[in-house]
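Hi there,

Here is the structure I promised to pass on. Have a look through it first, and my notes follow below.

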Amino acid sequence: MPLVKKKYAALRLITFLSTGKVVIGNYPQNNISLWNLSGGQVIYSFISHEKPLSALVFSTDEKQLMTASMDFTIKLWDLEKQHLIKTFQDPNDLKYVPDS
């Protein structure tokens with residue numbers, strides 16, 4: 001059984017975690033799926049934005065995911081608790097805090 005089935009044929013973004021999992025941003029459904037590469041199954045999937053994704057980036061500890069979209073929003077996700085932490089409507093609201 002292939003990891004990426006027909007309904008995931010239009011992938012927009014893909015990135016890998018050091019834990020052996022992969023995060024896929026899917027178009028046109030605008031969802032994000034976290035896959036277990038060793039077992040080939042979706043761990044969880046959620047609708048992320050109203051329009052297609054334009055970027056995915058992880059926190060250094062890989063516990064949070066930030067997504068940007070063509071709907072002009074940026075969202076911060078908690079991957080462990082599997083929920084949205086915050087939606088940013090204005091990029092000026094983002095603050096960079098380097099790791100200590």
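The backbone oxygen of K51 lies 3.0 Å from a polar atom of the S69 side chain. Please keep in mind that this is a predicted model.

The S69 side chain also reaches the backbone oxygen of P52, again at 3.0 Å. S69 itself sits in strand 6, which covers residues 64-69. Is S69 buried or exposed? With a relative accessible area of 8%, S69 is buried, because the cut-off for that label is under 20%. Leaving aside residues up to four places away in sequence, S69 touches H49, K51, P52, L53 and S54. K51 and P52, whose backbone oxygens the side chain reaches, are among these contacts.

The other part to look at is a hairpin. Strand 3 (residues 31-36) and strand 4 (residues 41-47) pair in the antiparallel sense, with six bridges between them. Across this pairing, W35 stands opposite V42 of strand 4. Four residues separate the two strands of the hairpin, and G40 there has a positive phi near 70 degrees.

Q41 belongs to strand 4. How does Q41 count in terms of accessibility? Its relative accessibility is 38%, so Q41 counts as partly exposed, a label for values between 20% and 50%. Not counting residues up to four places away in sequence, Q41 touches L34, W35 and N36.

Best wishes

Conventions. Residues are numbered from 1 along each chain as its sequence is written. This is a predicted model: local features need pLDDT of at least 70, side-chain atom pairs count only at pLDDT 80 or more; totals for chains, interfaces and linings use all residues. Side-chain values use heavy atoms; hydrogens and water are left out. Two strands pair if DSSP finds at least two bridges between them. Buried means under 20% relative accessible area, exposed over 50%, partly exposed in between (1.4 Å probe, protein chains only). A polar contact is a pair of N or O atoms within 3.5 Å; within protein, one must be able to donate a hydrogen and the other to accept it, and residues adjacent in sequence count only if both atoms are side-chain atoms. Contact means heavy atoms within 4.5 Å.
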